[in-house]
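Please read this short briefing alongside the sequence and the model.

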Amino acid sequence: MFVRSMDILCFLRKKEENGADYYSLLPRIHSFLKPAAYAEIGIRDGVSLRMATTAKAVVGIDPAPQIEGRLAASTRIFTMTSDDFFASRSLTTELRGKPFDLAFIDGMHLFEFALRDFINLERASAPRSTILVHDCYPVDRTTAERERTTQIWSGDVWKLIICLKKYRPDLRISTVDVPPTGLGVIRGLDANSEVLSSRLDDLCEEFIPCGYDLLESDKPAQLNRVANRWNEIKAILTD
């Protein structure tokens, strides 16, 4: 059984302070960027996947999707892990030969999975593509651990932001402090970069053992925090 009291109270407090949750923010991002090609890793019931209303090609990847309701005819679901998908298929091909305009990582809540997903997605990007990453602004130490013990759980996906800031300073990286656990926004992508893929094992050895202590001195600065205000969010989507 997961602990419920403290993390739920933290979530409710953050929601009261910072406004509506990320399910309210995602449609605004779609409406602003108007992606023609969209990819999502970790689709669950398909709620966020259906937000890609402007896309002519949509790819959803999840080993165990539980789709509720109908999806657009432009949507293709691949029932497999993201690692298996990228090992056997070309995302650009599945998106009708186009790089994605917008992608959303919301899969396993562990750093190494998020890192591999980012690397694989970036290979199918264009210079103006955007990658969103859920769970990048954890509520507290307990909900940010690698082992889940709480109902609200972001795992250690937040380490991806720290890693990219250190090894990919060419990227434009922000984290919107939107309830419950933040949304990373990464732009300035380079499909030809091998900086991360060439040292994948070393990056895992460096960051997996790291603890929440990395954030405690100045969490907002460490994670490039942006407030959950649309004017500020729109600015990082247009830089």
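Which residues of helix 7 are buried? They are Leu 203, Cys 204 and Phe 207, where buried means under 20% relative accessible area, exposed over 50% and partly exposed in between, with a 1.4 Å probe and protein chains only. This is a predicted model, in which local features need pLDDT of at least 70 and side-chain atom pairs count only at pLDDT 80 or more, while totals for chains, interfaces and linings use all residues. Residues are numbered from 1 along each chain as its sequence is written, and side-chain values use heavy atoms, with hydrogens and water left out. Helices (H or I, at least four residues) and strands (E, at least two) are DSSP runs, numbered from the N terminus.

- The face turned away from the buried side of helix 7 carries the exposed residues Asp 201, Asp 202 and Glu 205.
- The buried residues of helix 7 pack against helix 5 and helix 6.

**Helix 5 against helix 7**

- The axes of helix 5 (residues 111-122) and helix 7 (residues 200-207) come within 10 Å and cross at roughly 150 degrees; axes are lines fitted to C-alpha atoms, for helices over the stretch in contact, and angles run from 0 to 180 degrees between N-to-C directions.
- Helix 5 contributes Phe 111, Glu 112, Leu 115, Arg 116 and Ile 119 to the contact, and helix 7 contributes Leu 200, Leu 203, Cys 204 and Phe 207 (contact means heavy atoms within 4.5 Å).

**Nonpolar cores**

- The largest nonpolar core has 45 residues, and those with the most contacts inside it are Leu 91, Phe 100, Phe 118, Leu 121 and Ile 131; such a core is a set of buried Ala, Val, Leu, Ile, Met, Phe, Trp, Tyr and Cys residues joined through side-chain atoms within 4.5 Å.
- Among the elements that give two or more residues to this core are strand 1 (37-41), strand 5 (125-134), helix 5 and helix 7.
- Apart from this core lies another, of 23 residues, including Ile 29 and Leu 183.

**Arg 96**

- Arg 96 sits in the loop between helix 4 (91-94) and strand 4.
- Arg 96 counts as exposed because its relative accessible area is 58%.
- Leaving aside neighbours within four places in sequence, Arg 96 is in contact with Lys 56, Ala 57 and Ser 74.
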